[in-house]
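This report describes a single chain through its strand pairing, its helix packing and its charged contacts. The sequence and the structure are shown first.

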Amino acid sequence: MENVLRPLTVIGGSVLLTLVIGWATDLLLRKADARHSETPLWGLLRRGRIPYQLVLCAAMLRGSYDEAQLLREHRVGIGQTLTLVLIGSAAWLVIRIAAAVVETSYSRYARMHRDPARVRRVRTQVTLIMRVVAAIVGVVAVAAMLLTFPAMRAAGASLLASAGILGIVAGVAAQSTLSNMFAGLQIAFGDMVRIGDTVVVDGEWGTVEEITLTFLTVRTWDERRITMPVSYFTSKPFENWSRGGAQMTGIVYWHLDHSAPMDAMREKLRDILRECPAWDGRACDLTVTDSTPNTMQVRALVTAKDADDIWKVRVTVREQMIRWLTDHHPYALPRVNTADSAPPPGRNGARSSTSPDGAPRRMHEPPRQSR
């Protein structure tokens with residue numbers, strides 16, 4: 001009877017105590033979250049309740065397993081498994097706690113600063129910092145798991161002795177990966193491009209959606225995703241429309257007839273912009289920028305608060321101005337002149353010329369023979 005009650009008491013007590021402590025901790029976090037609603041820290045810490053309970057349960061079972069006297073012939077293997085679970089769950093818990101602290105700091109910074117560019121820069125840095133922290137914690141956890149095996153501890157000396165050669169070989173083999181990782185750190189702390197920036201790369205216009213240590217994702221206007229190595233942004237030129245502020249100036253061109261009513265078009269442009277909610281009201285202008293024998297080039301200059309709004313303003317102005325010219329001033333649209341040229345004055349409207357002796361003659365008359 002003792003052989004049955006002892007394992008049940010030890011294992012059941014460890015699991016029950018883990019559930020009770022986990023429930024009590026979660027209750028305290030919920031109360032703290034309700035009491036301090038200005039900070040999301042306590043609510044974010046609740047995400048770590050599963051690894052927290054795994055740490056508690058693994059630690060209790062690891063410490064009390066010998067007292068259970070269960071499966072003694074597999075005692076070493078079970079103890080090793082519990083140790084591995086304890087290390088893995090502890091690393092998971094550390095990552096969750098670090099993420100909660102970093103996200104809380106970012107949210108507090110976002111509330112205190114109203115500059116979107118600075119907020120996006122900090123968001124990019126926080127994202128990459130969390131990825132670095134998770135990678136470091138993961139590597140340390142894996143190393144700690146490997147060191148729990150006696151064979152790995154014995155091989156540690158030989159691994160350290162060959163670390164120099166392995167480092168050279170790994171550096172040559174992973175040259176591209178390492179360059180992307182350093183480029184990712186340069187982007188994060190050099191403020192070259194940030195999450196949410198509007199960029200133009202390889203002729204594609206889009207918004208930066210994700211930045212990692214090795215690649216960057218751009219979401220285009222038609223919902224496509226372009227994945228590029230981060231080293232591209234440190235080695236090649238690209239357009240960043242969000243750099244130095246989100247406000248933008250847009251241009252709309254028309255090719256019109258020389259008789260187009262410029263003053264009326266300026267008034268119509270102001271009327272269109274007043275009814276366009278995407279226009280920020282900073283500036284508007286309409287001028288003739290070029291002229292050809294058949295048409296003249298008219299340019300409208302408009303402004304908006306960001307790249308999305310400037311696109312809306314441009315297409316609205318282009319469409320409504322063409323419609324207004326078609327309805328009220330159709331002569332201003334470009335056209336091809338197909339009328340006959342006017343003949344020079346002559347008798348009965350016929351073209352005239354001069355005979356060899358100087359006397360005028362009609363074009364339909366045959367020339368006189370000279371003697």
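S1 and S2 run antiparallel and are joined by four bridges, where two strands count as paired if DSSP finds at least two bridges between them, and where strands (E, at least two residues) and helices (H or I, at least four residues) are DSSP runs numbered from the N terminus. The model is a predicted one, in which local features need pLDDT of at least 70 and side-chain atom pairs count only at pLDDT 80 or more, whereas totals for chains, interfaces and linings use all residues. Residues are numbered from 1 along each chain as its sequence is written, and side-chain values use heavy atoms, with hydrogens and water left out.

Within the pairing of S1 with S2, Thr198 stands opposite Thr207 of S2; the hairpin of these strands has two residues between them, and Asp202 takes a positive phi near 55 degrees there. S1 is also joined to strand S5 (residues 239-240) by two bridges in an antiparallel arrangement, with Val200 opposite Glu239 of S5. Strand S1 (residues 198-201) is covered on both faces, since Thr198 and Val200 on one side and Val199 and Val201 on the other are all buried, that is, under 20% relative accessible area, with exposed meaning over 50% and partly exposed in between (1.4 Å probe, protein chains only).

## The sheet S6-S8-S7

Three strands form an open sheet in the order S6-S8-S7, with antiparallel pairing. Strand S6 (248-256) and strand S7 (279-291) stand at the edges with a single partner strand each, so one side of each is left without a neighbour in the sheet. From one strand to the next the twist averages 20 degrees.

S6 pairs with strand S8 (residues 296-304) over nine bridges in the antiparallel sense, and Tyr253 has Arg299 of S8 as its bridge partner. Helix H10 (residues 262-274) lies across S6, S7 and S8 and runs at about 155 degrees to S7, the angle being taken between N-to-C directions, from 0 to 180 degrees, of axes fitted to C-alpha atoms, for helices over the stretch in contact. Helix H11 (residues 307-328) packs on the sheet as well, touching S6, S7 and S8, and its direction makes about 20 degrees with that of S6; contact here means heavy atoms within 4.5 Å.

## Salt bridges

The whole structure holds 16 salt bridges, each defined as a side-chain nitrogen of Lys or Arg within 4 Å of a carboxyl oxygen of Asp or Glu. One of them joins Arg224 and Glu204 at 3.0 Å, N to O. This pair links distant parts of the chain, 20 residues apart, with Arg224 in the loop between strand S3 (215-220) and strand S4 (225-229) and Glu204 in strand S2 (residues 204-211). Arg224 is partly exposed at 36% relative accessibility, and Glu204 is likewise partly exposed at 25%.

Glu223 and Arg225 meet in a salt bridge of 3.6 Å, N to O, and belong to a network of salt bridges that also includes Glu209 and Arg219. Arg225 is partly exposed, with a relative accessible area of 44%. A further salt bridge connects Asp309 with Lys305 at 3.9 Å, N to O, and Asp309 is buried, with a relative accessible area of 11%.
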